[in-house]
Amino acid sequence: ELQIRQQRGLQFQDSSSAISGQSSFVISLKTSFERDDFHGVLLAIQDRLDKDPGNDYLLFNQAIVLLRLDDYDAAFDLLQTFFEQPDSRFRLDAAWMLSLIYIQREEAAKAWPLLDRIIQERGAYFKEALQLKKRVP
């Protein structure tokens, strides 16, 4: 069984300026995330998105939290948006998570092009994508 919920944690590297210099906010989110307070993290992200609706870091982390809350449909929609943006810094991370959702939904054929893209571009989940293609029919 795939562990979609056990993927990497929140993505805020080099984001102090991306979150309007709110390093205490980022630290608070990470601490809550590590304590499995996913509802609290989601509320904090949504509150911040009300003030900064186009913030990619917040939106991507919202998708990660939604995955942890097993809300795959909502996460899928956000991740699809990132994957469809050719210049998105989260494009290949989104491809990896989308492929896991497809496999979870028993739609593995839709995951293969995403995994191929990760492998071709040697994304962050390159090794995992290679292993997954060998494991899942």
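The model is predicted. The chain holds 7 helices and 0 strands. Along the sequence the pattern reads α-α-α-α-α-α-α. Of its 137 residues, 47% count as buried. The accessible surface comes to about 7600 Å², and carbon and sulfur atoms account for 45% of that. Among contacts between residues at least 6 apart in sequence, 54% join residues at least 24 apart.

The largest nonpolar core has 44 residues. Those with the most contacts inside it are F60, L79, W96, M97, L115 and I118. Elements giving two or more residues to this core include α1 (23-34), α3 (56-68) and α7 (126-135). Helix α5 gives the most, with 10 residues. Leaving aside residues up to four places away in sequence, L115 touches W96, S99, A129, L132 and K133.

The whole structure contains 7 aromatic pairs. Two of them share F90, in the loop between α4 and α5.

| Pair | Centre to centre | Angle between planes | Type |
|---|---|---|---|
| Y57 and F90 | 5.4 Å | 90° | edge-to-face |
| F60 and F90 | 4.2 Å | 5° | stacked |

Y57 lies in helix α3, 33 residues from F90. F60 also lies in helix α3, so its pair with F90 ties together parts that are 30 residues apart in sequence. Relative accessibility is 6% for Y57 and 3% for F90, while F60 has 0%. Under 20% counts as buried, so Y57, F90 and F60 are buried. Ring pairs link Y57, F60, F82 and F90 into a cluster.

Charged side chains meet rings too. R91 lies over the face of F83, at 4.6 Å from the ring centre. R105 lies over the face of F76, at 4.6 Å from the ring centre.

Conventions:
Residues numbered from 1 in each chain as written. Predicted model: local features only at pLDDT ≥ 70, side-chain atom pairs only at ≥ 80, totals over all residues. Heavy atoms only, no water. Helix = DSSP H or I, 4+ residues; strand = E, 2+ residues; numbered from the N terminus. Buried < 20%, exposed > 50% of the residue type's maximum accessible area, 1.4 Å probe, protein only. Contact = heavy atoms within 4.5 Å. Areas by Shrake-Rupley, 256 points an atom, 1.4 Å probe, with all protein chains shown as cover. Core = buried A, V, L, I, M, F, W, Y, C linked by side-chain atoms within 4.5 Å. Phe/Tyr/Trp six-rings, centres within 6.5 Å; stacked < 30°, edge-to-face > 60°. Lys NZ or Arg CZ within 6 Å of the ring centre and 35° of its normal.
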